[in-house]
Amino acid sequence: MIKHYFSLGIILLFPLLSYCQIFVDASRPDDSGDGLSLATAKRTINAGITVATVGQTVFIATGSYDACILNKSVNLQGSGVGLTIIQGSGSGNGINITSSISNVTIENLTVTNFFNGMNVSTASLTISNLT
């Protein structure tokens, strides 16, 4: 009997797992998608952050992106160093953390050609595989 309840719980929770991530893909034509799958991904990181709720992960597909503003406690996860690139033009901040955020992980990204790769005011964050 317990096995059946456990299986039922997993079946009921499985559809919710896709809502734990917001998808961003630079190859999308614009930000009109809802971001809930790669097929309906947002085009910009900022648009992904905007629709994400606290605790969600913004998955950033391979590609080149503009600078972003991280103003809430969401995770940023790229496809890998050298694959997901936040590309600047020599000035500004690549990732600008503007408010007090906590329990955030930023990983698997390259941030390049900015005056500051990351500007952090007050935050509790983990950085992994970031160049």
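This is a predicted model: local features need pLDDT of at least 70, side-chain atom pairs count only at pLDDT 80 or more; totals for chains, interfaces and linings use all residues.
Residues are numbered from 1 along each chain as its sequence is written. Local features need pLDDT of at least 70, side-chain atom pairs count only at pLDDT 80 or more, totals for chains, interfaces and linings use all residues, and side-chain values use heavy atoms, with hydrogens and water left out.

Me: In strand E8, which residue is the bridge partner of Ile 85?
Reply: Strands here are DSSP runs of at least two residues, numbered from the N terminus, and two of them pair if DSSP finds at least two bridges between them. E6 (residues 84-87) pairs with E8 (residues 101-112) in the parallel sense over 3 bridges. For Ile 85, the partner in E8 is Thr 110.

Me: Which residues make up the covered face of E6?
Reply: In a regular strand, side chains alternate between the two faces of the sheet. In E6, Ile 85 and Gln 87 are on the uncovered face, and the covered one has Thr 84 and Ile 86.

Me: How far apart are the C-alpha atoms of Gly 90 and Asn 113?
Reply: Gly 90 sits in the loop between E6 and strand E7 (93-97). Leaving out residues up to four places away in sequence, Gly 90 touches Asn 113, Phe 114 and Phe 115 (contact means heavy atoms within 4.5 Å). Gly 90 and Asn 113 are 23 residues apart along the chain, yet their C-alpha atoms are separated by 4.8 Å.

Terms used. Buried means under 20% relative accessible area, exposed over 50%, partly exposed in between (1.4 Å probe, protein chains only). Helices (H or I, at least four residues) and strands (E, at least two) are DSSP runs, numbered from the N terminus.
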